Amino acid sequence: MMKGWDGIQSSSRSSTRTSSTISNRVPSQTVRLGRVQPQAPSYRTIFCNDREANFPVRFKGNSISTTKYNFFTFLPKGLFEQFRRVANLYFLTISILSTTPISPVSPITNVLPLSLVLLVSLIKEAFEDWKRFQNDMSINNNMIDVLQDQKWVSIPWKKLQVGDIIKVKQDGFFPADLIFLASTNVDGVCYIETANLDGETNLKIRKALEKTWDYLTPEKASEFKGEIQCEQPNNSLYTFTGNLLIQKQTLPLSPNQILLRGCSLRNTEYIVGVVIFTGQETKVMMNSMNVPSKRSTLERKLDKLILALFATLFMMCFIGAIGSAIFVNKKYFYLHLDSSEEGSAQFNPGNRFLVFILTMFTLITLYSTIIPISLYVSIEMIKFIQSTQFINKDLGMYHKESNTPALARTSNLNEELGQVEYIFSDKTGTLTRNLMEFFKCSIGAEVYGNGVTEIERGLAERNGMKIEENRSPNAVQERGFNFEDARLMRGAWRNEPNPDACKEFFRCLAICHTVLPEGDEKSPEKIKYQAASPDEAALVIAAKHFGFFFYRRTPTMIYVRESHVEKMGKVQDIPYEILNVLEFN
């Protein structure tokens, strides 16, 4: 920084000298630059498993907040939100006018209804924000295992600190942004689901540095005293730069070693990681915006209708005020219009313009009931009941597999539900929930599979044809496999004109993948495949039913139990060496 500062100074001096040489008429000027502000370093240094060394830096805590208001901002911000509505602003003006001597009605008739409307609306806002606060507290108080004194100790998420070494179990969520150190999988990999970040249900693979694979047990992890130098917190989900300094070695870190908050661990018993970003500094929280003040289409239409009503009211009052200014005359002496009594001076025939103005405001106050103040309250209560009693308890929106009901976090946008005009979709998986089934295949230009695809069914319906499907009672039923063709099942493929092509086809399905098997190796029915995508799982399940049963995987080998290859009924276990994996990108 100082070097750059000197460069600026010398540049300024040389410019001044040059200007003086060219023209002596230009007066010399002293340019005073502001004080150089100290800047934050471009990277942060984290001492792993050493809270005392990290304490002077004062990293932020791991507590998060997604509420719209706090104790101090609720009243001013809540009132601002309410007076954004044209009707509330209108009735505030009427309430102010009703306190003046020109008002023909008592102030209480306008102030009390407006106060009740604002009170009901603020109570609803407070209730919904309280729900957000409770959700934040529930998340902040989730428990996580942290390494302390050579053992795992459960503490709440909110007490996590940068540099802590933690253990995340299968199906658990990552409480902060982590550097991946070790996994129970032998090759140092883990599978994560990023649906909360990008909506993708396909599993992603993360791989730890080989130097840290051993730090899996609490005894071994307590020996880990590395130092991490990485970028400052930012909102880029797919980039990361940093180095791990361990045992006098500098190892580069990439996004492949980063586990982001909001993701969940899948198909791995547990992993060990180091916390690098916490709380509001995590990438997912830096991508989140403050709770916006959303207004529905109905509410905006109401504002326009109320403005139209107000225009009508203004015209009525304008005509009435003109008529009043014309009507007043000294010949109506018995009305005492020119008296000095309070209220009578308003109709003094000597100043017709004043009569017009005062009568205008009087009529606006008198006719204010044309605009219904209860309209917004009725709509607010209807929306509130819709969200709490109908949406949240709608069985049609209940997801049975994950035991998750619908949850309306705000009732302001109920009427916007289902109002879809355009769908921008990058692929069909966005609309099909990524549920894949092995349905048909083509081997050597021969199509196998007796089922009717949705495209074929749609084409037939368009041509006025009706298709009837007759499934065999002996057809195999398994999630991911919906294939039926006697020419290939139960070893019958050996009798096909191209048995070698069939064999190589099934063999490729069984070995060209990154699937992990779990369960009893001796029983194909009891084994489960953990795959990064449902496509891979469907292909491996299909190979199993064709007689090529993939049952074990190591970092360098794949084991397949092949049936009916040499002769019908013969089963043999064949290992295949993994030479290279072409990662999907």
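Me: A crossing counts as left-handed if the near helix is turned anticlockwise from the far one by less than a right angle, and right-handed if clockwise. In this predicted model, which hand do α4 and α10 get?

Reply: Left-handed: that's how α4 (residues 86–98) passes α10.

Me: And what makes α4 and α10 oblique to each other?

Reply: Their axes cross at roughly 120 degrees. Roughly perpendicular stops at 115 and roughly antiparallel needs over 145, so this pair of helices, α4 and α10, lands in the oblique class.

Me: How do you know that α4 and α10 are in contact?

Reply: Contact takes heavy atoms within 4.5 Å, and Y90, I94, L97 and S98 of α4 meet F361, I364 and T365 of α10 that way. By class, that's 5 nonpolar, 2 polar and no charged residues.

Me: What hand does α9 have where it passes α10?

Reply: Right-handed. The axes of α9 (residues 297–327) and α10 (residues 352–366) come within 8 Å and cross at roughly 145 degrees. Among the contact residues are F314 and F318 of α9, plus F356 and M360 of α10. The class tally for α9 with α10 is 12 nonpolar, 3 polar and 1 charged.

Me: Over to the strands: why is β5 called mostly covered?

Reply: Buried means under 20% relative accessible area, and 7 of the 7 residues in β5 (177–183) pass that cut-off.

Me: How do you know that β5 pairs with β13 and β11?

Reply: Pairing takes at least two bridges. β5 has 6 with β13, antiparallel, and S183 stands opposite I271 there.

Definitions and conventions. Residues numbered from 1 in each chain as written. Predicted model: local features only at pLDDT ≥ 70, side-chain atom pairs only at ≥ 80, totals over all residues. Heavy atoms only, no water. Buried < 20%, exposed > 50% of the residue type's maximum accessible area, 1.4 Å probe, protein only. Helix = DSSP H or I, 4+ residues; strand = E, 2+ residues; numbered from the N terminus. Axes fitted to C-alpha atoms, helices over the stretch in contact; angles between N-to-C directions. Nonpolar A, V, L, I, M, F, W, Y, C, P; charged D, E, K, R; others polar. Parallel < 35°, antiparallel > 145°, perpendicular 65-115°, else oblique.
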